[in-house]
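Subject: Handover of a structure and notes on its contents

Dear colleague,

Please find below the structure that I am handing over to you. I would be grateful if you could read the notes after it with the structure open.

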Amino acid sequence: MEAGLFTANNVWMMICTGLVFFMHLGFSLLEIGLTRQKNTINILFKNVFIICVGLLLYYIGGFNLMYPGDFNGYVGFAGFGLDPGEAGMTVEYASGGYTYWTDFLFQAMFAATAATIVSGAVAERIKIGPFMIFTIIYVGLVYPIVGSWQWGGGFLSTLGGDDAGFHDFAGSTLVHSVGGWAALIAVYLLGPRIGKFGEDGKPNAIPGHNIPFAAAGVLILWLGWFGFNGGSVLSADPAGTSLVLVTTSLAAAAGGVGAFIFSTILYKNYDLTMFLNGILGGLVGITAGADLMSPLESIIIGGIAGVIIVFGVALIDKIKLDDPVGAIAVHLICGIWGTLAVGIFGAKAGGDQFIYQLAGVGAAAVFCSLCAFIILYTLKKTIGIRVSKEEEIEGLDLHEHGMDAYPDFRLNQH
């Protein structure tokens, strides 16, 4: 391989790394926008903590847990810290797609995303201390172990033989569902926000305080997904990257339109938040098979994801769970759909592939749910995970952080 191509591949991967990093701003704005202003500092603190600590944890051991080299297919560890070795900066590493350092940084950006998904679901009522402890354990250990099962050459990658196996191109299951299962367990153990459900059990809307922020967050996330999926080609291959960007965008658009049309038919109003979450559902849905689908198939997958969002949000309310930003519907339910869709549509579609996809979903479900429950239940029974009623009513910004995101506004209220 010529030096120019190696450099071009590496530069593309670094650009994608930057785009995935930028997604953390998108997650922050979305979460802030869909919740109340009295918890803004708290949400920003969590999101900044996740990216900083996620990077450090991935350096300490996460990267070598996820990519341990030769291992038993379930858990392996290549040691603490980073070591590029003799070939880490050469064409020999990753077939000339990127260097060792770029590999580490790109993968590290993915690691933090899993905990960010949980942050949105538990917003407005979780204690900051237990959340930080949970993030450290989940990002440091659980996420890289599940990732190693597929991306690290573990047992999921070889189901049915070396040429078959579970397929999750950029993480519908390995990133989004990993976060989604933890979000589901956390929301269950925390309980709903005060006022979310009336005495009759019916859900009450708790409107977000800044829908323009939420819209900006979703559009930033869509942009970031060009790096999330585009970088998962693992080179600047023109055919691969251009197809992935097309399928990613079409699925996002179809997800938004699907959710908007379906929610309008059901609820007789043009719900922007449902439209926005539909876009995200389409993005999560195409992430497992973005490299395998035709444009039409990506539109179908995204459109179905948009409809799933509407059902998913209603289902979460029906079973008395409180998810302020719709993270479970977007990342867990659409993550499962996108993973299974690889067995229904695209180049690998077939009965055997569907079984492999189902096995991957099941393995992640059992391991992630169990780990999340053990971590969070232990925290609940020891130091507690929920703020007091007074703290929740007055806002976490004031009680957890001693500051206000909008001090002038609070002064004007008095």
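This is a predicted model: local features need pLDDT of at least 70, side-chain atom pairs count only at pLDDT 80 or more; totals for chains, interfaces and linings use all residues.

Residues are numbered from 1 along each chain as its sequence is written, and side-chain values use heavy atoms, with hydrogens and water left out.

Helix packing

Helices are DSSP runs (H or I, at least four residues) numbered from the N terminus. Their axes are lines fitted to C-alpha atoms over the stretch in contact, and angles run from 0 to 180 degrees between N-to-C directions.

Helix α6 (residues 211-230) meets helix α7 (residues 238-267), with axes that come within 9 Å and cross at roughly 140 degrees. The two helices are therefore oblique to each other; angles under 35 degrees count as roughly parallel, over 145 as roughly antiparallel, 65 to 115 as roughly perpendicular and the rest as oblique. The crossing of α6 and α7 is right-handed. A crossing is right-handed if the near helix is turned clockwise from the far one by less than a right angle, and left-handed if anticlockwise. In contact (heavy atoms within 4.5 Å), α6 contributes Trp222, Trp225, Phe226, Asn229 and Gly230, and the residues of α7 include Thr241, Val244 and Leu245. Seven of the residues in the contact of α6 with α7 are nonpolar, five are polar and none is charged. Here Ala, Val, Leu, Ile, Met, Phe, Trp, Tyr, Cys and Pro count as nonpolar, Asp, Glu, Lys and Arg as charged, and the others, Gly among them, as polar.

Helix α5 (residues 172-190) packs on helix α10 (residues 327-341) at an angle of about 140 degrees, the axes being 8 Å apart. That angle makes α5 oblique to α10. The crossing of α5 and α10 is left-handed. Among the residues that make this contact are His176 and Trp181 of α5 and His331 and Gly335 of α10. By class, the contact of α5 with α10 holds seven nonpolar, nine polar and no charged residues.

Helix α2 (residues 40-66) and helix α4 (residues 128-150) have axes that come within 9 Å and cross at roughly 35 degrees. This crossing, too, is right-handed. The contact of α2 with α4 comprises 17 nonpolar residues, seven polar and one charged.

Two individual residues

Lysine 46 lies in helix α2. Is lysine 46 buried or exposed? At 1% relative accessibility, lysine 46 counts as buried, where buried means under 20% relative accessible area, exposed over 50% and partly exposed in between (1.4 Å probe, protein chains only). Leaving aside residues up to four places away in sequence, lysine 46 touches Glu31, Ser119, Val122, Ala123, Ile126, Ile128 and Phe131.

Valine 11 belongs to helix α1 (residues 3-33). With 37% relative accessibility, valine 11 is partly exposed. Its C-alpha atom is 10.0 Å from that of threonine 99, although valine 11 and threonine 99 are 88 residues apart in sequence.

Cysteines

How many disulfides (pairs of cysteine sulfur atoms within 2.5 Å) does a search of the whole structure find? The search finds zero. Cysteine 368 is in no disulfide, and the nearest cysteine sulfur, that of cysteine 371, is 6.9 Å away. Cysteine 368 is buried, at 0% relative accessible area, whereas cysteine 52 is partly exposed, at 45%.

Yours sincerely

Methods. A disulfide is a pair of cysteine sulfur atoms within 2.5 Å.
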